[in-house]
Amino acid sequence: MSILLQARRHPYFIVIWAVITFMCSAEHAGFMLYLIAIPSLLYALIRTAVNWRKADVRNKYLLLIALILLSAAVVAAVHVQRHHHARSYADNIISELEKHRQAHGDFPASLDDIPTLASAESRPHMLFYNKGNDGPFLTYAATFVPFEAWHYDFSEKAWVYDYD
């Protein structure tokens, strides 16, 4: 029996992995895929090897392997897209801050001091800006895992990843 026929016999596999994919695609939840997919993938690989001569059982676990790999690919693609969106937003903030510094000689005290960046709403990706005594500080949350962030090093003009 083919893997596609197994999908019709075991639709709960598809539903379960669709829910897992949806949950792990949420911002800051991508790491959960490691906790779920790796043990599931090892289990499915072992069960496939043990039942290699039983086509029906083997195809059931091959379907599970395909769903796990598809789920991992979708979650990775979603988080890469989120990261690129967050970085491009933050890069736009950096360019506006640099324009303000060149025009006024110093960085603004707040992002709201720049008319194009003024906003009453909260900023996406937990973006935070502060100009303290040590100079400006700009950071935004990493999208794949919680408690990690990127901050901009204004002296090096580069993004630095802050691990938990």
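This report describes the strand arrangement, the nonpolar cores and the aromatic contacts of the structure above.

The structure is a predicted model, in which local features need pLDDT of at least 70 and side-chain atom pairs count only at pLDDT 80 or more, while totals for chains, interfaces and linings use all residues. Residues are numbered from 1 along each chain as its sequence is written, and side-chain values use heavy atoms, with hydrogens and water left out.

Helices (H or I, at least four residues) and strands (E, at least two) are DSSP runs, numbered from the N terminus. An open sheet is formed by 4 strands in the order β1-β2-β3-β4, with antiparallel pairing; two strands pair if DSSP finds at least two bridges between them. At the edges lie β1 and β4, each of which pairs on one side only. From one strand to the next, the twist averages 25 degrees. The antiparallel pairing of β1 and β2 extends over 5 bridges.

Helix α4 lies across β1, β2, β3 and β4 and runs at about 165 degrees to β2. For such angles, axes are lines fitted to C-alpha atoms, for helices over the stretch in contact, and the angles run from 0 to 180 degrees between N-to-C directions.

**Nonpolar cores**

A nonpolar core is a set of buried Ala, Val, Leu, Ile, Met, Phe, Trp, Tyr and Cys residues joined through side-chain atoms within 4.5 Å. Buried means under 20% relative accessible area, exposed over 50%, and partly exposed in between (1.4 Å probe, protein chains only). The largest core has 18 residues, of which Leu97, Leu138 and Trp159 touch the most other members. Two or more residues of this core come from each of α4, β2 and β3, and α4 gives the largest share, 5 residues. Apart from this core lies another, of 15 residues, including Trp17, Leu64, Leu67 and Ile68.

Leaving aside neighbours within four places in sequence, Trp159 is in contact (heavy atoms within 4.5 Å) with residues that include Arg87, Ile94, Leu138, Tyr140 and Trp150.

**Aromatic pairs**

A search of the whole structure finds 9 aromatic pairs. Rings of Phe, Tyr and Trp (its six-membered ring) pair if their centres lie within 6.5 Å; planes under 30 degrees apart count as stacked, over 60 as edge-to-face and the rest as tilted. Two of the pairs are set out below.

| Pair | Centre distance | Plane angle | Class |
|---|---|---|---|
| Tyr34 and Phe144 | 5.7 Å | 65 degrees | edge-to-face |
| Phe107 and Phe154 | 5.0 Å | 65 degrees | edge-to-face |

Tyr34, in helix α3 (residues 32–50), and Phe144, in the loop between β2 and β3, are 110 residues apart, and their pair links distant parts of the chain. Tyr34 is exposed, with a relative accessible area of 51%, whereas Phe144 is partly exposed at 25%.

Ring pairs join Phe107 and Phe154 with Tyr140, Tyr152 and Trp159 in a cluster.

**Charges over rings**

A charge sits over a ring if NZ of Lys or CZ of Arg is within 6 Å of the ring centre and within 35 degrees of the ring normal. The charged end of Arg58 sits over the ring of Trp52, 4.9 Å from its centre. The charged end of Arg87 sits over the ring of Trp150, 4.5 Å from its centre.
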